[in-house]
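Me: I would like a close look at one part of this protein, namely its pockets and what lines them. Please take me through that part carefully.

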Amino acid sequence: MEMGQIGALPNGGCCRAALSEDDRRGRELFMSWCRDAGCDIRFDAVGNLYARRPGRNPKRPAVATGSHLDTQPHGGKFDGIYGVLAGLEVVRSLNDARVETEAPLDVICWTNEEGVRFGPPLAGSLAFSGGVAVDAVHQSRTLDGTTVGDDLRAAGFLGDEKPGSRALDCFIEAHIEQGPILEAVGKTIGVVTHIVGIRWSIVTVTGQDSHAGTTPMNKRRDALVGAAAMITALNGIARNQDEYARLTVGKLQVYPNSGATIPGKVTFVCDLRHPDLEVLDALEKRMHATLRTLAGERDLELAIERSINIAPLRFAPELIDVVRQSATDLGYPNMDMLSGAGHDAMNVARVVPTAMIFVPCKGGLSHNEAESATPEDLAAGAHTLLHTLLVRAGL
Ligand SMILES: [Zn+2]
């Protein structure tokens with residue numbers, strides 16, 4: 001709740017865009033808590049923050065946890081923040097119990113998960129996994145006209161460690177579910193097994209602009225009417241697939257967007273998600289074929305551009321087992337589940353064994369100021385995280 005005061009919004013949420021003044025203040029607060037808990041703090045070259053609780057054996061790779069402290073413009077108090085502070089709570093609990101671990105523990109705050117103020121989103125974890133060059137992150141322009149490199153230097157978050165050079169034994173990210181499933185079935189812990197793959201198709205439908213009053217209904221090449229039929233058909237394809245398929249058209253541009261002109265061109269973005277690569281491929285093929293058929297029937301031209309393409313990800317089976325066992329040993333009702341959202345963990349998983357722990361959030365709501373979770377559920381997630389990290393770190 002104290003972290004939530006920084007960048008606080010009127011309806012209970014937070015706005016801390018990455019490397020903004022409020023994000024800097026949030027990180028400073030977190031660092032002060034970490035120092036009080038005896039942690040040593042380092043930054044890498046893209047500003048990822050590593051708070052280390054030393055272990056008995058400094059040569060052992062660190063057992064790592066964490067998430068992000070930056071938020072959406074109308075974000076909540078929990079998305080990302082929970083995972084970072086759950087890591088801090090693990091450190092504090094070990095301090096309170098005077099428990100020393102064999103391996104060091106790292107609590108990580110990744111830079112720019114949300115991608116609000118500059119791109120790419122998930123920049124810090126992407127750089128850690130080698131998915132983007134440090135220079136490219138530094139040269140990225142922020143909405144305020146600065147470069148990320150300048151912002152990192154000004155905030156004091158520019159370290160010289162090469163992202164990804166730090167040896168990690170594993171990475172476990174705790175996060176609110178951001179969906180309604182755990183709450184609906186009355187489970188406390190989600191053992192995340194996969195993150196769904198994401199494909200974007202940018203679809204442009206072209207007909208002909210013409211006068212709304214003089215063009216008979218049967219003489220029109222109305223791109224918007226065509227797009228409406230397409231969007232409805234695409235929705236049906238996903239509905240008829242299985243419970244894991246997700247297809248969303250959330251962005252539509254109509255040209256010339258004038259009340260008295262038949263729309264000659266429409267562009268829309270189609271966001272397709274599924275945890276199984278073969279199904280994702282098949283769905284995408286069926287979607288594109290349907291779009292072509294509907295365009296042909298209406299004498300419309302069609303262009304499809306593929307943009308985002310993220311493969312589905314399966315977390316490390318040996319870590320999934322440890323998370324499930326920890327939750328079960330602690331008596332928390334738990335279930336295996338998928339993540340439909342992207343997370344830093346999906347990047348880290350390309351280079352380090354990784355898993356995630358979900359806890360319920362109220363009404364499944366996230367990226368919303370009303371985002372909420374109960375202290376009991378949050379404690380259960382942190383408790384599961386503690387036991388999972390201890391299995392890996394060794395006593
Ligand atoms: Zn998040």
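What follows is one connected account of the pockets and of a helix that takes part in one of them.

Reply: The model is a predicted one, and its largest pocket has a volume of about 1200 Å³. Of the 42 residues that line this largest pocket, Ile198, Arg273, Gly340, Ala341 and Gly342 are the closest to its centre. At least two lining residues each come from strands E7 (197-206), E11 (265-274), E12 (301-310) and E14 (334-339) and from helix H10 (344-348), and E14 gives the largest share, with five residues. By class, the lining of the largest pocket is made up of 17 nonpolar, 15 polar and ten charged residues.

The second largest pocket holds about 400 Å³ of space, and of its 20 lining residues those closest to the centre are Met1, Tyr82, Leu85, Ala86 and Leu378. Helix H2 (81-96) and helix H11 each supply at least two residues of this lining, with the largest share, seven residues, coming from H2. Here the lining has 14 nonpolar, one polar and five charged residues.

H11 (375-393) also packs against helix H9 (317-329), at an angle of about 130° and with the two axes 9 Å apart, and the two helices are therefore oblique to each other. The contact is formed by Glu318, Leu319, Val322, Val323, Ser326 and Ala327 of H9 together with Thr384, His387, Thr388, Val391 and Arg392 of H11, which by class are five nonpolar, four polar and two charged residues. The crossing of H9 past H11 is right-handed.

Key: Residues are numbered from 1 along each chain as its sequence is written. This is a predicted model: local features need pLDDT of at least 70, side-chain atom pairs count only at pLDDT 80 or more; totals for chains, interfaces and linings use all residues. Side-chain values use heavy atoms; hydrogens and water are left out. Axes are lines fitted to C-alpha atoms, for helices over the stretch in contact, and angles run from 0 to 180 degrees between N-to-C directions. Helices (H or I, at least four residues) and strands (E, at least two) are DSSP runs, numbered from the N terminus. Angles under 35 degrees count as roughly parallel, over 145 as roughly antiparallel, 65 to 115 as roughly perpendicular and the rest as oblique. A crossing is left-handed if the near helix is turned anticlockwise from the far one by less than a right angle, and right-handed if clockwise. Contact means heavy atoms within 4.5 Å. Ala, Val, Leu, Ile, Met, Phe, Trp, Tyr, Cys and Pro count as nonpolar, Asp, Glu, Lys and Arg as charged, and the others, Gly among them, as polar. On a 1 Å grid over the protein atoms alone, a cavity is a set of points where a 1.4 Å probe fits but cannot get out, and a pocket is an open set with protein on both sides within 12 Å along at least five of seven lines; lining residues have an atom within 4 Å of a point. Grid points are joined across faces, edges and corners, and a volume is the space filled by probe spheres set on the points.
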